[in-house]
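Me: I am new to this structure and would like to learn how to read it. Could you take me through a few features, one at a time?

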Amino acid sequence: MTQRYTNFLYCTVCLFLFLNAAKAQNKIILNASLHPTQQTINIRQEITFQNTSNDTLKSIYLYDWNNAYSSKHSPLAKRFAEEYNKNFHLAKNENIGYTKIITATDDDYNFLNWDRKPAIDFIKLTLKKTLLPHSTVTVHLTYAVKLPNAKFTGYGFTEEGNYNLKYWYIIPAVYENGKWTLNSNKNLNNLYTSPTNYNISFNFPSKYNLTTSLPITETKKIGEINHYLLADNGRPDVRLILHQKKPFLDYDDNGLEVITDINSTDLVLADKIASTDKVLQFIKENLGTYPFKKIVVTNDDYKRNPLYGLNQLPSFIRPFQDYFQYELKLLKTTLVEYTHNTLYFNPNNEKWISDGVITYLLMKYVDENYPHMKLLGNLADVWGVRSFNLSKMDFNDQYSFLSMLVVRKNIDQALNTPTDSLTKFNEKIANSYKAAVGFEYLDKYLHKNYMADNIKEFYSQYAGKNVNQDNFENMLTANASKDIKWFFKDYVNSREKIDFKIKNVTKVNDSLLVTIKNKRETNVPITLFAIDENDSIVDKYWFNNIENEKTFKIKNNGVDRLVLNYDKVIPEINQRNNWKSINGIFSTNRKFQFRFFKDAENPYYNQLFYVPIISYNLYDGLTPGLKINNKTLLEKPFIFDINPSYGTTSKKLVGSAGLSYRAYLDHDNLYAVRFSLGASSSHYAPELRYTSLTPSVSLSFRNPDLRSNERQYFNVRFVNIHRDQSDIIDTNPDYSVFNARYSYVNNGIVNYLYWYTDTQVAAQFSKLSFNMEYRKLFDNNLQLNLRFYAGAFIYNDTNTNFFSFALDRPTDYLFDYGYLGRSEETGLLSQQYIIAEGGFKSKLQYPYANEWMTTTNASFNVWRWIELYGDAGFLKSRGLPTHFVYDSGVRLNLVTDYFELYFPVYSSNGWEIGQGDYSERIRFIVTISPKTLIGLFTRRWF
């Protein structure tokens with residue numbers, strides 16, 4: 001054999017291997033049988049894995065996402081706990097899922113060693129023979145799958161006895177760039193696979209109807225069992241739906257079979273077909289032809305990823321036409337399925353691209369088909385609503401608005417943040433909206449339809465292939481007429497904010513010299529609009545490379561004012577500094593705008609909002625009033641709040657007022673500094689008023705992982721109290737207290753830890769205290785609550801217990817607590833319990849300590865919200881011996897910290913339950929603050 005022939009043969013073999021590796025796909029052959037009585041599937045599976053890399057592999061990794069349900073300490077379980085969802089943590093054994101591996105062999109019938117690494121939803125198979133580059137290995141698995149209850153993630157068996165099967169079998173992971181990409185099941189639908197060829201034999205009871213997007217090649221019925229053969233190539237995974245009834249409708253759209261149960265009760269079939277055709281035609285025009293014959297679009301899928309805003313209102317007050325809602329629901333859910341089955345991004349690292357494409361196309365659909373649709377729909381024309389700035393916003397303005405919601409709170413995250421590191425709000429809403437707003441930004445900067453053209457080209461080139469952000473970035477850059485490196489550097493890969501202002505304008509003959517200042521570190525393009533006195537646009541300019549500040553020369557042809565970002569395309573954090581008037585003394589003077597309740601921010605007005613309020617305390621009675629503030633729907637740095645009220649019992653004016661300035665930072669763990677001044681005036685006893693004035697400074701620290709519930713705070717304040725003189729006051733009625741507190745909280749639903757150290761300094765006393773609370777929810781639903789408190793005076797020159805440590809009911813001399821009757825010693829309101837200082841529930845003989853006190857409080861549940869509690873402690877006062885005290889009883893923990901009842905049983909007083917005044921010994925916790933209660937529901941999002 002000649003050297004030339006050898007070289008030719010070598011090159012031919014290499015070319016053959018390369019071409020086959022490029023085309024090669026994994027192959028899965030499945031034989032599965034469903035057993036509904038056990039909610040199990042028995043599976044025999046053959047996996048042919050293609051090593052497309054240049055590395056030699058000694059093992060392969062497989063996804064076994066069904067096994068994520070097998071432990072309450074799995075990544076899936078931890079994800080639920082982080083989002084304050086304890087349903088899975090408290091699940092019964094029959095509702096959890098798992099996978100039982102019976103055998104694992106290779107093609108030579110060698111048993112393969114396997115283990116679950118790095119988490120229980122992966123399988124590491126150790127091969128008997130090394131797997132060479134561009135070679136394949138076939139493994140055979142026999143296993144049983146116990147399906148979970150679908151109430152956890154939507155996948156598994158339902159309460160109605162149906163089955164929604166996704167991630168129900170074992171599938172190879174992806175090996176690329178020298179490593180395995182392993183995404184745990186965290187209820188994010190972020191399984192990363194390669195295109196796979198499937199041949200499936202699926203057996204199930206004949207009472208079920210099977211819905212799937214895979215072609216059904218053969219069906220037969222033997223007795224009461226249906227045998228279905230399914231086959232398709234180049235699929236990411238296999239979804240099967242089994243219903244005892246058939247809720248799905250089939251539409252044929254030029255050869256594509258659309259199977260859906262998305263419904264609209266008020267649309268007739270002909271209207272649904274017309275809307276479906278309209279939606280599918282739009283997708284085809286803007287993405288391309290779907291490579292498969294069938295697509296399944298379910299209402300369950302829509303619920304997992306809804307159109308936030310549309311789905312939040314009850315159906316009887318939704319302000320949008322039925323066909324509009326139906327089309328957008330169908331469009332979004334179809335786009336999700338369309339892209340999932342064709343664009344093989346790593347959904348944990350690059351989901352922002354597919355999410356951004358989907359949201360961008362939603363915006364484009366509305367622009368083309370419903371250009372006049374408002375954010376509030378038909379409500380925008382209702383009297384009393386139409387004057388709001390929110391009612392003037394277009395439907396597509398919601399995407400910029402909601403993405404800015406987290407920016408203003410300083411909890412936004414970069415678009416390329418891994419999906420499993422995003423907060424729920426960012427993962428579900430903000431990041432996909434920010435991506436789409438960025439695509440619109442590029443459209444305006446380059447030319448209309450720039451992104452639409454690139455999305456279609458990208459789909460055409462990469463559909464059916466593993467793809468990454470580099471492919472996307474390279475295409476956008478190559479097709480751009482201007483430099484867009486800023487888009488990925490400062491917009492995609494960063495959470496730096498955008499904020500420009502017009503610093504100065506100078507008239508020079510028939511020109512204007514405009515100095516624009518970049519207030520942030522983002523070097524992105526900005527628009528400048530020249531507006532005449534009739535609010536018409538005279539000129540529009542794009543300016544680049546403003547790293548600090550830059551002066552530009554523009555024409556002065558009838559310009560009345562200059563406005564940055566007039567069309568609000570650029571997502572700036574602050575638009576209130578975007579304009580200057582050319583004429584007049586005050587270049588940025590704004591008119592006042594009064595609005596009821598709360599509205600979206602209008603940067604061209606000074607907005608004031610008012611809303612009726614009502615509160616209650618025993619001495620003022622019901623106190624109706626008016627809340628006046630400048631709080632818009634998006635947070636602002638400077639806030640003032642004035643709350644005048646009238647006491648129906650005291651017949652006096654009461655209320656509170658405050659102003660604060662919050663600066664958000666990105667300095668290590670310090671993320672916010674807040675300066676505030678608060679004042680309040682009310683009655684603390686009949687005909688006795690108190691007034692407080694409190695300046696304060698607080699520092700807020702957080703974990704770099706925004707999903708963490710860990711927070712730390714340092715607060716310094718100076719509390720000044722003025723009280724009316726009275727015979728019932730045994731201290732100086734006026735006093736001032738310097739108070740500094742450092743606190744730590746990790747507010748988990750399974751493990752809760754909170755502690756603080758507190759110091760107070762006043763003219764007549766100084767004290768130190770330490771408080772720690774811990775809650776643990778065990779797997780068997782046992783919840784243990786522990787609290788420890790210790791406090792001591794450094795010096796105490798008072799001769800009263802008003803400033804002493806209290807065992808069961810603090811005097812609240814700083815007026816921090818929400819007492820309904822703070823001076824009451826008898827009656828129902830004297831039984832109000834606030835967890836503070838000693839934390840005792842029983843009223844004992846020695847309720848105060850003017851030297852030191854230490855207590856421990858504990859409780860645990862015996863059945864659901866019924867708990868047993870016990871308290872014990874020591875307290876010491878001048879001239880008295882140290883006292884040991886204790887109490888115990890039953891706690892009805894209906895809503896922790898918000899509504900609770902305490903029934904004392906035995907204490908230092910003896911048996912309390914048999915005493916005649918027992919009803920007066922019962923204590924209660926009640927919280928009537930709407931803001932506090934709303935926090936129970938919003939905490940899982942932020």
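Reply: Gladly, and let's begin with strands. Two strands pair if DSSP finds at least two bridges between them; helices (H or I, at least four residues) and strands (E, at least two) are DSSP runs, numbered from the N terminus. This is a predicted model, where local features need pLDDT of at least 70 and side-chain atom pairs count only at pLDDT 80 or more, while totals for chains, interfaces and linings use all residues. Residues are numbered from 1 along each chain as its sequence is written, and side-chain values use heavy atoms, leaving out hydrogens and water.

Me: In which sense do E18 and E19 pair, and over how many bridges?

Reply: Strands of a sheet pair through backbone hydrogen bonds, either parallel or antiparallel. E18 and E19 (residues 256–260) take the antiparallel sense, over 5 bridges. One place to look is Tyr 251, whose bridge partner in E19 is Val 258.

Me: What is the order of the strands in the open sheet?

Reply: The order of its 3 strands is E18-E19-E20, with mixed pairing. E18 (249–253) and E20 (294–297) are the edge strands, each pairing on one side only.

Me: Which helices should I look for around these strands?

Reply: Axes are lines fitted to C-alpha atoms, for helices over the stretch in contact (heavy atoms within 4.5 Å), and angles run from 0 to 180 degrees between N-to-C directions. Helix H3 (residues 269–286) lies across E18 and E19, at about 50° to E18. H5 packs on the sheet, touching E18, E19 and E20, and its direction makes about 125° with that of E20.

Me: Is H5 mostly covered or exposed?

Reply: A residue is buried under 20% relative accessible area, exposed over 50% and partly exposed in between (1.4 Å probe, protein chains only). H5 is mostly covered, with 15 of its 19 residues buried.

Me: Which residues touch the most other members of the largest nonpolar core?

Reply: A nonpolar core is a set of buried Ala, Val, Leu, Ile, Met, Phe, Trp, Tyr and Cys residues joined through side-chain atoms within 4.5 Å. The largest has 107 residues, and those touching the most other members are Trp 352, Met 451, Phe 472, Ile 484, Leu 528, Phe 543 and Leu 562. Helix H9 (residues 424–445) gives the largest share, 11 residues. A second, separate core has 56 residues, including Ile 43 and Tyr 155.

Me: What about the hairpin of E46 and E47?

Reply: E46 (residues 883–895) and E47 (residues 899–907) pair in the antiparallel sense over 8 bridges. Their hairpin has 3 residues between the strands, and Asp 897 takes a positive phi near 70° there.
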